[in-house]
Each structure stands twice: as structure tokens, then as C-alpha cells.
There are 4 protein chains.
Amino acid sequence: MIIIMTPGASDEQIAAVEEKLSAMGVEPHVSRGIERTVVGAIGDESKVEKELIEALAGVENVIRVMKPYKIVARSYHEADTVIDIKGIPLGGKTVQVISGPCSVETQEQMDAAAKAVAEAGCRLMRVGAFKPRTSPYTFQGVGVDGLTMFRNAAEKYNLPIVTELMDVRMLDTFLEHDVDVIQIGTRNMQNFDLLKEVGRTHKPVILKRGMAATVKEWLMAAEYIAAGGNHNIIFCERGVRSFETYYRNMLDVTAIPVLKRETHLPIIIDPSHAGGKSWMVPALARAAVAAGADGLLIESHPSPCEAWCDADQAIDPQELKTLMGELRGIAQVIGRDL
Amino acid sequence: MIIIMTPGASDEQIAAVEEKLSAMGVEPHVSRGIERTVVGAIGDESKVEKELIEALAGVENVIRVMKPYKIVARSYHEADTVIDIKGIPLGGKTVQVISGPCSVETQEQMDAAAKAVAEAGCRLMRVGAFKPRTSPYTFQGVGVDGLTMFRNAAEKYNLPIVTELMDVRMLDTFLEHDVDVIQIGTRNMQNFDLLKEVGRTHKPVILKRGMAATVKEWLMAAEYIAAGGNHNIIFCERGVRSFETYYRNMLDVTAIPVLKRETHLPIIIDPSHAGGKSWMVPALARAAVAAGADGLLIESHPSPCEAWCDADQAIDPQELKTLMGELRGIAQVIGRDL
Amino acid sequence: MIIIMTPGASDEQIAAVEEKLSAMGVEPHVSRGIERTVVGAIGDESKVEKELIEALAGVENVIRVMKPYKIVARSYHEADTVIDIKGIPLGGKTVQVISGPCSVETQEQMDAAAKAVAEAGCRLMRVGAFKPRTSPYTFQGVGVDGLTMFRNAAEKYNLPIVTELMDVRMLDTFLEHDVDVIQIGTRNMQNFDLLKEVGRTHKPVILKRGMAATVKEWLMAAEYIAAGGNHNIIFCERGVRSFETYYRNMLDVTAIPVLKRETHLPIIIDPSHAGGKSWMVPALARAAVAAGADGLLIESHPSPCEAWCDADQAIDPQELKTLMGELRGIAQVIGRDL
Amino acid sequence: MIIIMTPGASDEQIAAVEEKLSAMGVEPHVSRGIERTVVGAIGDESKVEKELIEALAGVENVIRVMKPYKIVARSYHEADTVIDIKGIPLGGKTVQVISGPCSVETQEQMDAAAKAVAEAGCRLMRVGAFKPRTSPYTFQGVGVDGLTMFRNAAEKYNLPIVTELMDVRMLDTFLEHDVDVIQIGTRNMQNFDLLKEVGRTHKPVILKRGMAATVKEWLMAAEYIAAGGNHNIIFCERGVRSFETYYRNMLDVTAIPVLKRETHLPIIIDPSHAGGKSWMVPALARAAVAAGADGLLIESHPSPCEAWCDADQAIDPQELKTLMGELRGIAQVIGRDL
């Protein structure tokens, strides 16, 4: 940690910084420059809260030298982590496409969806039983029964199931239904109590990036899960908030190489929630695989026009099949498969 | 609701839109222009999900004519709503300043803080017992005991207590401790299960704006609380995410006149979390009152440099007292008091 | 154009809107709904300024039905426009990679750079003679002599030259040096006098997106050039401003399918200025081609560590060559070549 | 300047950094910590380009210790700079309100506007003769004749004139018409050639903040003007781009205390272009004065509904007069006058 003092900082102020650092268990080193004095803190920087030093008189700026994240950091585990989901590897050479409708509607819809997902060559299925909706007056998901319908349909095709957990009180129900991958949605990325609870299980967790979360905040949210003992974390970028109004969110494709550098954990992309329109999905999905994503989360529906929610962003079975072919070609160009 | 068709939309496509609208319970009216056809939907627009119409072939754009929020809308209650907090009115002529430290530390700190808050002329006190922290490795708040220490200190000065609820499972504990105002933090603005639960109580709720939430999303989050029966909602703007890196968040002062127009409920401002530095607080607090805010949430600490968290953003008792004088002057200029 | 009146709009207010619309040359059509009255304007909407209607009493919202851009709109020219740059087509089946150093330094550097660019298989070269720098105290480019050095080097390899015009007074000099493609930088996207002047030439123009420009503003900026008679416009997305601080700009890959839908003109991507670090360039470049970009603008330097500016974002000749191979593979997967 | 090396940086890499720093004229000081090596650069940091160091192998991060701006920095001139505009001081104890219509229309309109501005108690007048419009098909300003009409009207009331310069080729015309204050608009904040030219005059310059410019970029843009010899610079915040769509721009009120700390030059606020609607203007104007702004730029029109552009954001003479009274009251509360 480096503490930059203001130009006219007094000796007493510098001494107070040194004292505070020592009290926090790190060793201060003072360098007096021509214009400014700089204090370096040698030792375990994670013991020091930046804000407490910034509050001291004469301090202009405090800069961390070490990363605040530990278990999720690339330095913790040099090789890429491959997460095993009922025998299906995510994070390795094979790019995994997870697909399915926005929400469970009926058993018939689930059966048709599972069939389409499997036939397109996807190896995992995602559907929502509980839906986070902007308005309290719109469809909120079919609830617990949805988990059963989803499981019934997916099992016929050996598709592990991925679904969103919104309420910490529902975790036991998810475990009873043996949900294979728990998804934490964008609105709950910093719902720390929820993160701590899923951190106590061993279920793979897809952690969606918050609507306007920085890469650092996202990695720190994952650290909450990891600190509880659960290292099976999959990052999912789904578009972030921007000034642009033409589409719903701006897909942050740069996050892919950045996360590959900062963490050993896999990263997948959700092109459907990013753009918000089905016609944008193929271009965004191809971009994600080309940039090095380990997987995709794509909304598909046996009959998009009849979907109960987000009808405008789901692609149909034929579009999914065609897209899978393109994605396979791109994966091969960069030495992967799909 | 107005549906704008693409330039080449066919008669079949227009008919399909009409049919869908009728099925949803609104009456379609078709206007064929020179370049485009426009379909108006007459009736209760809230029955129609925008996305389901946008998914239809030949539809270019769907525009809502009515506001999606109901109970919180200005049209629901023309006069300003004044919320009664143990006899203290919030939302009326008097601007209320709520103050206190970032977190409960010790009983002594709480006692000193309550004394300073009361002596400065504030009528409500806020402190955190549970803290949402970016890192799992930093101080997470003292927990339930903090509520007791807070209550003990505040009661001596007749200060109603305001504190943040993060975990839905803690709501009963908050009710047992008779917390006077429940704060929902920025990270939980769209934690819909939490909103629904506080909506079942009758406690006043301070709903902080999400880090990058639009005014519309914020109003809809409040609608979740209101739909449960609890109309005692206070909006709190605390700075939003922006591209600027000089300060932590950008205080959105425009949200004050905008909310005054859109809702009958009070709006307060948190200048401390906005700027993130104590030296910015007076300017931002004055701006908020001048723009018409109904109250402020200001972090103060008996000894900021020794605070256990956010030390750099708390003002000290003397600064609070001086600021209160300036705010009173400004309130009077615009016909209010403080 | 659709005008939505406030719930309590009076008959006089509605009549005033009708009158104003008629005066502007469009025909008003009033629909009185249960909650609100809506006025439609039939005719050439481009005659009506939105703000002038919004200023009328009782008007809540004014919505355009037609696109504000004309010549650049996809509807103006259904097929993709292919721009001819000294025999090299941009916007057709072949993806074009334009490369070169940030700035002209010396004749030797230019010669080495041109050689590397040609050997990697690129067909156009870009270098800056005039540099827009954030600070007045840093290197501002070598100036007019740079154009000569650039031309000398590029001609040996038959590479048309692309370079940035910052000052409208320099346009004649650019024409004298027969610059093949004029680049308008991000900071000048709405320098309307500059746009009007390049609109009077017939030189192909690369129009970089403004730092925080919406797609609509960008298309309208191009319309300024097109309205002058020059339709040889190439859009270039180079990352936009966001809240993220890990990298310089956020590459907006979604802009690719969006521009393909809205305009017939080509779109290229600058992955170098987007991320700002050379190690991010391959991932972003691959993503751009996969998403359907018509070309790329990639900074390369014969010896990046010795570059006079932006040294950290240029890739070296070997990296460029390797990347070209990957890009060719991806182009082929989606039915193009490179 | 502080250079943080990557954890595994080799001795050769550290030596290369030392060598580069020495070659640039600063003295390197190496500190080897437990996890990382940090290199400090002692001397005139402005000689070192950050990017050139970041490009070196083994460098993780480069942090500036000194501010990049010099003449505009608070440290260059401890006291507030008061700019004299034909005898009217801007930047001192008195808050100055500059007002007038969006654009010159006719001599009659100018006369009525000048009368209203003077009668409301404003001491400077602003009107546009040249208008930067998003669309090439809308009214572009009346041009040079507008300067004459504006001057004629303003002179009767001894109002110095403020108007926008968009095209560097028009500067001489502005000087011939003796424009009192040259305004550089938001779209030209980084039009460096324009900045350099106005830097060679001695005319006071209002430098509007770019649509998404950081405080640092804005200060550096001013440094371009100052470096040419013209120190009569007035910063103008006019709202920045954000994700919010309810209003046009987000007024960044925090920029006021921040600029007061970073620069000795005055800062004024444009509440009209920020919100974009006349009903937001009073609240934003009051907030600006309460936060410490040195002046305001307010759009007013003798008859807003008949304005030729931006009709929805101008306030009328009576509203201006009422607002001036409120602003005077607020100014007095904080020890200023108006």
C-alpha cells in the first residue's frame, strides 16, 4: 500500500500515518520527494482498510498494491479451474452452451424445450421457476412446482439443470430438488447474505455480474462465496448499464480477456439479456466464443411468440441449431471445441 | 399503449397484433399512415406486457402511454404524503436531518454520537448494526447487539432509530427491537423478496436508490413495498455510478424535482455516500435542501479518525452543527424550516 | 410523430397542439382515450422539431415514429454499400484490416511499419501525423512532414493511407497529399463544421464514434457528411466511456449488429483504443469479426516498447501476423474472407 | 510517479524500468517488498509519459503522484481567480447569472430578451448565433448577422455578450464583433486546435464540460487554453451523460466543490442544458448556488413557446425574476451576494 501525502503535509501528519500503519500490523517506509512525501506500507496489505488511512489529515491518496481478492485470484491457482457438473466439464477446452426458456410455463412447454435444447447439442439446460421482475404486477414465475416440471423434462435428456435462487429462504428447497447449478442473478450480486449461504454448499454457482458492477466488485462478490468454502464459481457477464438506449444492456466483451487474466475460474456470457432482442443473439454469442468465453447462457423457447415472459429475446429451436454450428466453427479456430 | 409497425408490415402482421391485444383485454385501433401503420391500444395498459407485443413479427417499437407505477404515483395521491415517525413528520414543511455514525462500535461511541446528533438539532438517528461490505474480509458490523446499544443511546435523546436490514431472515429481530425506520440499502433495491416482506409490515421504509437504477426502476421497487400494503416509503438518493473517478458516486440532484413530480412520497438525500469524502458533504447537503429534498441522511461520528469504517466520509460534531445552521437558512429561503 | 397529452389536458391545449402541427405542415389526428388523449401527426415528420411541441402546455411526451437519419439509413439503400479505396473494397465480403503505428516518428520507423503491415496481409495502413492528446505538454505529432514520410513508406507496398484530420484548416493539405481515407476522431464526431467540410469532398471518411455518443447521434453525425454529398462513410466503433476502470473504454460489440440493421454503410472496429492494452487486442479483434464487422483498425508498431506514444497498446509484427490467421479462420466460418 | 511491478518481475525487467526513467530525466528508487517490487521516480514527473512505462515488460501499474495540470491547478494560484468582464467580476463574492435565449432569431426578439434579462437583475447575456445541432436538417443559427443583432440589443442595457464559437475560422469575426466572452461548447471541449487558438487571445473563455469528460480531462482541456497565455477561463458544468433517460443529462453538482479544490478558476453551472426542461431549472439553479457555484448560465426567452429552438427548456421573464430572488437569498446564507 502506498500513501501519497498532500504537498504541505507536516511531520506530525506523516508520523500519524506511520503510527496508524504500525498499529495495523504493517511496516511504514517514508520517502521524502521534492514535491511530496510518499509512505509505503510493507506487509500484508489486506489488514489495512484504505478508508481509515484516507481519513487521516495530510493524506491525499491511498493506493493498493495487492489485489483485494485472494481465493478467486489467478495467483491462487495458476491453471484454469474446470468445474464438474454431473460429469460435464465447464472451464476446460470445451465451450458449453446452456439453454432454455426464460421461465417454466407448463410440463408440455418444458418437455418441448428440453428436446430442442438437447437436439441442438447443448449439454445443460436453464429455466427460471422464480422470476425477478421489475414490476410487482407482472408474472413472478410458477414457483416450486416449476422445479419439478423442469427436472422431469431435463432428466429425459440427461441435462443438468441450472436455475436462479432469489430468496435465501429457498435454498433448502433448491437442495432438496437437487438443482445442479444455482444461478445468482444480477440484482443479487451483492446480496451478501445470499452469497454466504451458497458459499456453504458445494453446488456450482453461476454469479451474474451486477448491472453496473466493476470487475473488482464482481470478483469480490465471488470471494464471499469462496470464503465460505465453495470454489465452484462460474462468472457470467450479461451486459451492463450504459447511456445507450437502442438496446437493453451493453455486452462487455472485454471482461472476457480481463477475467481470464485475473481469475482461474470460468466465465460465460449471456447474450440474450445483454441485447434484449433475439436478432442480436447470434452476433453476440459468436463474439463471446471468439473472445474466449468458456460458455454461453442462451434463451431459447419452443415457440418464442407464445412465451410468458421476455418473448422478444428468445431464439427458436432452428435458430439455436444453426447458431451452434457457427459457434463450433469459431471454437475450433481458436483451438477449442463445442 | 402505442405499437409502431415496421415500414413494410403486412396486413397479416397487423391483424396478429390486433388479435393479441384483444386477447389481453385492450381494444386495438389501427391508423395507417403514409410510411407506417400505428396501432393504439385503448384500455388498461397494465394488462399488456410490452415484451410480448414486441416479439410479434412486423412490430418495430412499443410505447407505453401510462406510467407503470400506481400506488406510489403522484396521481394516486395529489398532496405530498407526510410520514409520521414517532411523532416526527417527514415529507412536510420541515426538512429532517437524520445523522449518526456508519456503524455501531461500542456503547460509549453510541452515547457520544447520540448526544452530538441531538445537540446539533437533528431529530432522528441512523447507525448500522449490519454492514454490507465489498470485501468478506473486512468488518461486517457488530450484529444484533448493535441494535440494543443503538436503542439505549438514542432513547436518552428521544431519537427514533433508523438502521439497515440486509437479510430477510432478520426482519423479526428488527421488529422485536422495534426499529423505527427500516433502511433498504442500494445493493438490495431490487431484492424483491426483501421488499415484499417489509411491505407486509407498517414500519416506515427508507428505500435507497440502486447503484445504477433508473428513476422508473426505483419507483417500481417502491411499488413492490406499496403493493404489500405498506405506503410509508421514503426514497433516498445516494449518488449513482458514473464514469467519473474523482469521487465515489455522482449525486443525482435532478432526481429531487423529478421525484417530486412523479410521486407523492418524500425524498431524502445521502450526501455522505454520494461523494465519499467528508469535505464534500456540506456543499452536497446544501444543494439537496436548495433543490427541495425533504430530508438528509448524514454520516457523523464523535471522532471520525477513529471510526471503524468509512472514516473518511463522516463529519464531526462541530461540522454537523455548523452545517445545520446553513441548511436552516436555505430551507427558510424556499419557504420551509429545519 | 405521436404526441401524448397529460391526463388533464384541456380542449384548448389539444387544439393548440393541432394548430401548431398544421402550421408545421403535418396533419393532426386526435384520439381521445379513457385516461389520455393522443395526437398523431400524419406527414413528413422531419419538418417538426420535437422540442417545439414538447414546450406546449399539456404535452407530456412526444415520440418520433420515423428515423431522423435519411441518407445513411438502411431504407435509403437496401444493399450493403461497398466503398472503393483505390481498388480495395470495404464493406463487402472481404474483411479489411487497417494497421500501423499510433504516430509517424521517422522515415525508418515508417518503412519498417509498412513492411510489417503488408507482410501480415493487411491491405491498408493507418498512422497519425497530427495527434489529439489529452495534455498540451505531450508529443502532438510530427505534423505535415509526417504525411510525406507516411506516403513514401506506404507506396512501396501499395497500401492506401488512412490518417486523422483534426483541424478544418488542414483539409486542403490533406487533399494535396492525396490522403486516401480521412479519419475523424472520437473527440471531433460532433465538430459539425469539420463534418460539413469533409462532406464536400469525395474522400472516404472513417467516422469514429464519440466517447459517449449514442448510435443515433453517431448516425446523425454521419448524416452531416452525407448531406454534403459525400456518401463514402465508414463507421468505426472504438470503445465507449463506462464506469469500469480496469480498461480504458468498453468495446460496444452490440453496435455491430445494430449498425448493420440501421445503415447500409460499413462498420469497422478499433480494438486497440478500446481496451488500451496490447494483450486485450486479439480477443477483441476476434470478437469484432465474429460479430460481423467489415474491418478492423489495429495499432501495430515494429517495436512497441520504443513507440513515441500509446506504446502499451500496439502489437508487434509477429502478433499481427498470428492474429490475421485467426481472424481469417473466423471470417470463413461466417461466410466471409480476409 | 510510482511503478508497481508484477509479482514475478525479473531483475532485468526492473533494471529496464530504471534505465527508461533515467533516460527520461527522473531518478529511480527501487523498493523490494515481500510480494512486489515498487519503483519510485523522483523528479519532474511531467517529463514521463505513463503509457511508455506501462508498455515495459513486468510493469503492472503506473501511478502519477503529481497532478498533470499546472497553470489551472489550485497550487499555481492559491487565491480564487476573479475574471473581469468589462468591469463585471466573475469568480469573486458575487454570483453572476448569465441569461438569454438559445438562439438569435430577430432584432425584436433580441431587444425583448435583453430587456427581460436586465430587468431580472442579470449582468451578462448569452445567446447563440451559431448552433451545434444534432441534425443537419434543423435550424443551424442565423450566423454572423446574429452577432450584430445580439450586440445591438445587449448594449442598450450594458450587458456584456457571451456566445459560442464552433469553427476556428470564425475566431477573427468574433474578435471583430468584440464578443466579450467566448463560449466553447460541450462537443468542442477537446477540439484542441480551437482551444489553442482561443488560448492566443485574451478574451474570457467559458469552457463547457464535455458530454462524458472526467474532471481531469476538463482541467487538461483548460490547460490547452492556459498554455497559450490566456488564463481567463471559466469552467461550465452542464450535465453529463448517464444511464438515466427521464431527463437529458445528469447535473454533476459534486463537480462544484471538486473544482473549487482543484483549480483557482471560477466554475459556473448551466441548469438549462442539464435537465433539458424548464420546470427543472429553478431546483437545479438553487442547488448550484447552494453548492458554491460562481455563476449560472440560464436559458430564458421572452416567449418560450415561440422559441425557434430548445423551446422546452427556456424559462420566461417572470420565472427568471422569481428565481433571481431565491438565488439571492441562498447566496446570502453562504456569505455571498447576487
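**Exercise 1. Sizing up the interface**

How many residues of chain D are in contact with chain C? Work out, too, how much area the two chains bury between them.

*Solution.* Keep in mind that this is a predicted model. Start with the head count: 49 residues of chain D touch 49 residues of chain C. Next, the area: chain D and chain C bury about 4,200 Å² between them, and 53% of that lies on carbon and sulfur atoms.

**Exercise 2. Charges and polar pairs**

Count the salt bridges between chain D and chain C, and look at one between Arg169(D) and Glu197(C).

*Solution.* Go for the total: there are 8 salt bridges between the two chains, D and C. Now zoom in on Arg169(D), whose side chain pairs up with that of Glu197(C) at 3.2 Å, N to O. Then widen the search to polar contacts: 24 residue pairs turn up across the interface of chain D and chain C, with both partners at pLDDT 80 or more.

The largest share, 5 residues, comes from α7(D). Finally, sort the residues on chain D's side that touches chain C by type: 23 are nonpolar, 8 polar and 18 charged.

**Exercise 3. Domains of chain A**

Find the domains of chain A and say how far apart their centres lie.

*Solution.* Chain A splits into domain 1 (2-63) and domain 2 (83-333). Taken over C-alpha atoms, the centres of these two domains of chain A are 44 Å apart.

Conventions:
Residues numbered from 1 in each chain as written. Chains lettered and ligands numbered in written order. Predicted model: local features only at pLDDT ≥ 70, side-chain atom pairs only at ≥ 80, totals over all residues. Heavy atoms only, no water. Contact = heavy atoms within 4.5 Å. Buried area = accessible area lost by both parts, 1.4 Å probe. Salt bridge = Lys/Arg side-chain N within 4 Å of Asp/Glu carboxyl O. Polar contact = N/O pair within 3.5 Å; in protein donor to acceptor, adjacent residues only side chain to side chain. Helix = DSSP H or I, 4+ residues; strand = E, 2+ residues; numbered from the N terminus. Nonpolar A, V, L, I, M, F, W, Y, C, P; charged D, E, K, R; others polar. Domains from an automatic or database assignment.
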